[in-house]
Amino acid sequence: QVQVVESGGGLVQPGGSLRLSCVASRSIFSIDGMGWYRQAPGKQRELVAAFTSGGNTNYADSVKGRFTISRDNAKKAVYLQMNILNPQDTAVYLCFADVLGRRRYWGQGTQVTVSS
């Protein structure tokens, strides 16, 4: 009933920028929270940035000051502006959407590679 679709990943040089987009397809449902995790080889999945059901914004310490999460409630969309990217940001980025009265839905992931 709900599909989460990510876009915007790719290859970028250190110091560059990317913007990720995520859309929850079923606008009939109320979204409690949306955000981004990332998974790098050999590392645990970590929360990057999110809007919580309580209305707060959370960021990983490693991305504070460089990444900015934003949202468009009408479109049921969330965006992640990533600036001053470094090789440690290389990972698969996964979007999630918490749907009111249902569960957490996940996107398939989009690859971000930061390399010269």
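Modeller: In this predicted model, let us begin with Asp 89, which has a relative accessible area of 1% and is therefore buried, since buried means under 20%. Asp 89 is placed in the loop between β8 and β9, and, if we leave aside its neighbours within four places in sequence, Asp 89 is in contact with Arg 38, Arg 66, Phe 67, Ile 84, Val 112 and Val 114.

The largest nonpolar core has 30 residues, and Phe 67 is among the members that touch the most others, together with Trp 36, Val 48, Val 78, Leu 80, Met 82 and Tyr 93. Two or more residues of this core come from each of β3, β4, β5, β7, β8, β9 and β11, and β9 gives the most, with five residues. In soluble globular proteins, nonpolar side chains tend to be buried together.

Strand β9 also takes part in the one disulfide that the structure holds. Cys 22 and Cys 95 form this bond, with their sulfur atoms 1.9 Å apart, and because Cys 22 lies in strand β3 while Cys 95 lies in strand β9, the pair ties together parts that are 73 residues apart in sequence. The torsion about the S-S bond of Cys 22 and Cys 95 is about -85°, so the disulfide is left-handed, and both Cys 22 and Cys 95 are buried.

Key. Residues numbered from 1 in each chain as written. Predicted model: local features only at pLDDT ≥ 70, side-chain atom pairs only at ≥ 80, totals over all residues. Heavy atoms only, no water. Core = buried A, V, L, I, M, F, W, Y, C linked by side-chain atoms within 4.5 Å. Buried < 20%, exposed > 50% of the residue type's maximum accessible area, 1.4 Å probe, protein only. Helix = DSSP H or I, 4+ residues; strand = E, 2+ residues; numbered from the N terminus. Disulfide = S-S within 2.5 Å. Contact = heavy atoms within 4.5 Å.
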